[in-house]
Amino acid sequence: INAEYGKDDDKDDDDDETSQVREYAARLESERDELETELAATRAQLQRAKEASAPAPASDDAAASKDKHAAVLFDNEVLSFLESQVYQSPRGFIKGSECAVLASRVFYQLTEWRAFAADAPLAAQRTLPRTLAALRAHVELASTSRAGAAHCMSAVASLRQLVRTAAAKDTGGGGGSAALPAHAVEFLGGLDRCVARAFVQYARMLHGALRPLIAPAMLKRGGTQRSIRSAASDESEAATRQLLALLDGAVRELADERVPAALAAQLAARAFRFVACHVVNEVLCGAEARYATAHNAFEMKMAAASLDGWCAQQKPPFDAACRDALAPCLELATALVMDKSVLADPAALADVCPSLNVRQVLALLRRYEPDEMAREPVPKKVVSALEKLAVAEEKRLGGATLPVSIDTDRVAPPDDFD
């Protein structure tokens, strides 16, 4: 019977894996069909243009006919380029060569066509939205994996830098995008959006990998017995090592794909922010109600110190943005170990917990449990005072209820990374 059940389990696992593969294959087929439809429509448009220009022109329209014929030839060249680089082999575009090589190839081809020039022919200007649409499609396709998202992030960021550098040279080094015509500035904005999309997708996948490690690394469940504390400490150290190893792997992955250092640092800051907010949500709203202890305050500070040390070891070291991203967690820890009566003073509350709202501090005090490190309970008058502060603050905001949990699913796009 056991053997038979084991076979059924294996079959279920195989069915799940097969289902996932089929879903992924269906998604790729759908994306390929959309690209082929777009390509077919463009080819049909070109064919109509060829047919329209087929009759022999009159002598007085010779120049116009020549320009029209040149535009048709140019459109054919654009389509051939986009087919070879994008439509026919998207996987080859994503992993076929290094990011800088891809960016240079696209940039210099567009430059040869004078697509960025103020007096560029209309046909040349149309290459920019076509190229942008192809890049957007690749970002979406690559975003199913961290490595793919990192590759596209790097390739599009490299192309963006080439365009901006060329614009700066046109004005002696200080023009930036102001030196570009409107259609080229729009293209540059589209590249920024492509980078932001790949950035957000990479961050979300990294956060998903970090999520199961955060609470074990930074928090311990309630309990005063030495054996319980010892076992929890071992679990915490192991989870912390795994968390740092995961961050190390992400940094190597970004470096291998030559993602700009500024973007890598911002991804690390977003990851630290996610860690801090996840800890706040666990303490204030999690199913385990015994996280709000003074002992856990020291655990949070020790884990934050480990993360801070990891930042200092990077080459180049990540800036203070990573340390600042941990602020909600560290403020929570400070509130857990300090004299709680101080928090009844609005000025002191704003100084101790500037990143937390009054409802969050109130939820923390309601969940607080004295332990061997801090045996005094929270005075009832402090809870009452904070309740009044919360009501007054919500009234000032027009009746909106202050949230207790923090939205960890939202990822802010990157800041300027020049």
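**Q360 and its helix**

Mentor: Apart from its neighbours within four places in sequence, Q360 is in contact with L284, S355, P403, V404, S405 and I406. The model is a predicted one, and that holds for every value below. Q360 belongs to helix α15, which covers residues 358–367. Is Q360 buried or exposed? Its relative accessible area is 4%, and buried means under 20%, so Q360 counts as buried.

Eight of the ten residues of α15 are buried, which leaves the helix mostly covered. Those buried residues are V358, R359, Q360, V361, L362, A363, L364 and L365. What do they pack against? Four helices are involved: α10 (261–285), α13 (327–337), α14 (346–352) and α16 (380–396). At the N-terminal end of α15 there is a cap, provided by N357. A side-chain oxygen of N357 lies 2.9 Å from the backbone nitrogen of R359, and R359 is itself on the list of buried residues.

Two packed helices are described by the angle between their axes and the distance between the axes. For α10 and α11, the axes come within 12 Å and cross at roughly 175°. An angle over 145 degrees counts as roughly antiparallel, and α10 and α11 are therefore roughly antiparallel to each other. On the α10 side the meeting residues are A268, F272, V275, V279 and V283; on the α11 side they are M300, L307, W310 and C311. By class, this contact has nine nonpolar residues, with no polar and no charged ones.

C311 is buried at a relative accessible area of 4%. Another cysteine, C152, is also buried, with a value of 3%.

Helix α11 spans residues 294–313, and A303 lies in it. A303 is buried, with a relative accessible area of 7%. Leaving aside neighbours within four places in sequence, A303 touches A217 and M218. The C-alpha atom of A303 is also 9.1 Å from that of S236, although the two residues are 67 residues apart along the chain.

Most residues other than glycine have a negative phi, and most peptide bonds are trans. The loop between α9 (226–256) and α10 holds R258, whose phi is near 60°, a positive value in a residue other than glycine. R258 counts as exposed, at 51% relative accessibility. The loop between α11 and α12 (320–325) holds P316, and the peptide bond from K315 to P316 is cis, with omega near -5°.

The axes of α6 (residues 127–142) and α8 (residues 182–218) come within 10 Å and cross at roughly 0°. Because angles under 35 degrees count as roughly parallel, α6 and α8 are described as roughly parallel to each other. From α6 the contact takes L128, T131, L132, L135, R136, V139 and E140; from α8 it takes H183, A184, F187, G190, L191, C194, R197 and A198. This contact has nine nonpolar, three polar and three charged residues.

Finally, the whole chain. How many helices and strands does it have? The secondary structure comes to 16 helices and zero strands. Of the 418 residues, 43% count as buried, Q360 being one of the buried residues. Among contacts with a separation of 6 or more, 79% are between residues 24 or more positions apart.

Notes. Residues are numbered from 1 along each chain as its sequence is written. This is a predicted model: local features need pLDDT of at least 70, side-chain atom pairs count only at pLDDT 80 or more; totals for chains, interfaces and linings use all residues. Side-chain values use heavy atoms; hydrogens and water are left out. Axes are lines fitted to C-alpha atoms, for helices over the stretch in contact, and angles run from 0 to 180 degrees between N-to-C directions. Helices (H or I, at least four residues) and strands (E, at least two) are DSSP runs, numbered from the N terminus. Angles under 35 degrees count as roughly parallel, over 145 as roughly antiparallel, 65 to 115 as roughly perpendicular and the rest as oblique. Contact means heavy atoms within 4.5 Å. Ala, Val, Leu, Ile, Met, Phe, Trp, Tyr, Cys and Pro count as nonpolar, Asp, Glu, Lys and Arg as charged, and the others, Gly among them, as polar. Buried means under 20% relative accessible area, exposed over 50%, partly exposed in between (1.4 Å probe, protein chains only). A polar contact is a pair of N or O atoms within 3.5 Å; within protein, one must be able to donate a hydrogen and the other to accept it, and residues adjacent in sequence count only if both atoms are side-chain atoms.
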